[in-house]
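Hi,

Here is the structure I promised to pass on.

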Amino acid sequence: ISWLAWQASWRGGMRTLQQESRQQLQRFIGHLDSQLARYQFLPRLIARIQLLVDTLRDPDNSSRIDLANRFLEDINRITGASDTYLMDAAGTTLAASNWNAERPFVGRNFSFRPYFQQAMQGRLGRYYALGSTSRQRGYYFAWPVIHAAEPIGVLVVKMDLAGIEQR
């Protein structure tokens, strides 16, 4: 009888634990979705800025590159993104919020990343990965920069998920 009582108690405890775990997981999913939703519109909005279009159209203009770097740095500071950067149609980074960091993205090619390929196809690029340059995990959102109805580059916003992961 005591063994049957223990079995019934154990099963009830497991059901309660499973139910609580599902509820906790749903809360985490909701929190993660809301955090990601705050950033997914940013590349689409920023990609429309004329300075970035002009930078892609004249990539040898060092003054414009400098302005774009500083603009992306300001965007990063305002939005709290981890990184924000502009790539040409070949995937090479022309300007980045971390332009003056120890390991900047400027000059690096990220054409192998799915978010770049998705954006060049005209849709929102999304990807979770370990940064190949920064060595930090993040969630990437990307959007094509359009000129004359054609994609001429990609604007990327990377969100750091470390705080969310810790919580």
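Predicted model: local features only at pLDDT ≥ 70, side-chain atom pairs only at ≥ 80, totals over all residues.

Let's start with helix H1, which covers residues 2–40. With 39 residues at 1.5 Å a residue, H1 should span 57 Å, and its end C-alpha atoms are 56 Å apart, which agrees. The buried residues of H1 are Gln7, Gln35, Leu36 and Tyr39.

Next, the sheet. It is open, has 5 strands in the order E2-E1-E5-E4-E3, and pairs antiparallel. Strands E2 (93–96) and E3 (125–130) sit at the edges with a single partner strand each, so one side of each has no neighbour in the sheet. From one strand to the next, the twist averages 25 degrees. E3 is joined to E4 (residues 137–147) by 6 bridges, the two running antiparallel; Gly125 has Ala142 in E4 as its bridge partner.

Now the aromatics: there are 8 aromatic pairs. Trp6 and Trp10 make a stacked one, because their ring centres are 6.3 Å apart and their planes lie at 20 degrees, with under 30 counting as stacked. Both belong to H1, 4 residues apart, or about one turn of the helix. Residues three or four places apart in an α-helix point the same way, because there are 3.6 residues a turn. Trp10 is partly exposed, at 46% relative accessible area.

Phe105 and Phe110, on the other hand, pair edge-to-face, at 5.7 Å centre to centre and 75 degrees between the planes. Both of these Phe residues are buried. Together with Tyr85 and Phe112, Phe105 and Phe110 form one aromatic cluster.

Cheers

Conventions:
Residues numbered from 1 in each chain as written. Heavy atoms only, no water. Expected span 1.5 Å × (residues − 1). Buried < 20%, exposed > 50% of the residue type's maximum accessible area, 1.4 Å probe, protein only. Pairing = 2+ DSSP bridges. Axes fitted to C-alpha atoms, helices over the stretch in contact; angles between N-to-C directions. Phe/Tyr/Trp six-rings, centres within 6.5 Å; stacked < 30°, edge-to-face > 60°.
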